[in-house]
Amino acid sequence: MTSTRSRTADLVLEGGGVKGIALVGAATALDEAGWTFARVAGSSAGALVGAIIAAMQQAGEPMSRVDEIMRTIDYRQMLDRRPIGKALRWWPLAANGWGLAFHLGMYRGHYMTEWARGVLGDLGVHTFADFAFDDPGSALAPEQSYRLLVTASDLSRQRLMYLPWDLASYGIDAPGYPVARAVRASSAIPFMFEPVRLESEYGVSTLADGSLLRSYPIEIFDRHDGKPERWPTVGIRLSSPSSERAPAKPVTGPISLMQSLIYTTVDSTQVRHISDVSDVDRSIFAKPRGVSWTDFDLTPEQQQSLFEAGYAAGQKWVAKFPDGPAPREPDAVPGGGQIDVG
């Protein structure tokens with residue numbers, strides 16, 4: 001379903017590991033329906049895809065190129081080890097244990113960082129200064145006006161971080177912070193990838209996967225200053241609305257325990273948003289089947305299946321909401337010192 005007029009929205013992308021290709025499919029369906037994205041927020045895989053989408057739009061490149069670029073990722077190379085880990089590749093259990101013991105992650109994550117740095121650099125994006133823009137109609141302060149926002153979990157200070165917004169409070173130059181490093185921090189799946197170190201006036205923080213505390217920040221661009229929204233927020237999830245009748249998944253060992261712990265943490269942070277009817281209406285549920293978020297041996301056929309699942313979900317949402325979700329009612333500034341956005 002296509003549109004003859006351009007529409008503006010803020011885009012929010014959920015984390016989901018290798019399933020992030022489905023995010024590209026859903027975003028492509030929105031693009032074909034005439035939607036453009038003023039700002040993009042994401043966690044984990046959503047941070048990576050969101051950074052590319054934001055850079056592409058800023059460079060005037062077509063959305064089709066996002067899919068082309070994402071297909072160039074060699075997911076197997078993402079499982080890169082440090083030299084000692086490589087030397088122990090004949091004994092994977094020992095290699096994993098060494099990585100966890102000395103670097104807090106089985107894999108280094110260097111390939112992910114360099115891939116993102118190269119792709120974004122080719123599009124003219126290096127630091128968050130390259131994503132800064134003038135937005136006088138926003139409720140945000142000028143120093144918070146960026147086209148990309150990603151989440152990270154500061155394990156050392158036990159708090160959620162929005163990058164680059166929160167960097168200034170750490171005494172760090174937000175415009176000068178590398179976008180690829182922020183994306184890498186947001187994508188650092190606990191135990192699997194080494195976390196990212198952040199040296200600040202508080203000491204050294206350990207940054208891990210943003211999905212631990214906010215996998216789907218659908219509310220992040222909502223206004224809280226009593227003024228009507230200028231455009232809607234549209235989110236793309238890689239999961240379905242939670243069900244009270246979901247079957248039990250047995251925990252059979254330490255690896256299964258770690259995975260279940262992470263899944264439970266991530267899912268529990270999202271329940272509040274998906275129980276809100278207005279958030280359901282502005283969410284595309286692009287749940288791919290048959291692929292786990294840590295299946296780094298994806299075949300080309302599986303990648304295509306992920307894209308098609310997202311694309312079909314996006315088309316279904318566009319057909320249901322041809323003019324976008326209903327406008328949200330203006331609200332006043334909530335308690336708790338939340339940031340005004342919009």
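How much space lies in the largest cavity?

## The largest cavity

The model described here is predicted. Its largest cavity holds about 170 Å³ of space. Of the 16 residues that line this cavity, those closest to its centre are Gly 17, Val 18, Ala 45, Leu 48 and Met 78. In total, 3 cavities of 30 Å³ or more are counted.

The lining of the largest cavity consists of 12 nonpolar and 4 polar residues, with no charged residues. Helix α2, which spans residues 45–59, gives the most to this lining, contributing 3 residues. As background, rolling a probe the size of a water molecule over the atoms shows where empty space is left.

## Asn 96 in helix α5

Helix α5 covers residues 92–103, and Asn 96 lies within it. Is Asn 96 buried or exposed? Asn 96 has a relative accessible area of 18%, and it is classed as buried because this value is under the 20% cut-off.

Leaving aside residues up to four places away in sequence, Asn 96 touches Arg 81, Met 106 and Tyr 107.

Strand β4 (residues 148–154) and strand β5 (residues 159–163) run antiparallel and are joined by 5 bridges. Within this pairing, Ala 152 stands opposite Met 161 in β5.

The hairpin formed by β4 and β5 has 4 residues between the strands. In this hairpin, Gln 158 takes a positive phi near 50°.

Definitions and conventions
Residues are numbered from 1 along each chain as its sequence is written. This is a predicted model: local features need pLDDT of at least 70, side-chain atom pairs count only at pLDDT 80 or more; totals for chains, interfaces and linings use all residues. Side-chain values use heavy atoms; hydrogens and water are left out. Helices (H or I, at least four residues) and strands (E, at least two) are DSSP runs, numbered from the N terminus. Buried means under 20% relative accessible area, exposed over 50%, partly exposed in between (1.4 Å probe, protein chains only). Contact means heavy atoms within 4.5 Å. On a 1 Å grid over the protein atoms alone, a cavity is a set of points where a 1.4 Å probe fits but cannot get out, and a pocket is an open set with protein on both sides within 12 Å along at least five of seven lines; lining residues have an atom within 4 Å of a point. Grid points are joined across faces, edges and corners, and a volume is the space filled by probe spheres set on the points. Ala, Val, Leu, Ile, Met, Phe, Trp, Tyr, Cys and Pro count as nonpolar, Asp, Glu, Lys and Arg as charged, and the others, Gly among them, as polar. Two strands pair if DSSP finds at least two bridges between them.
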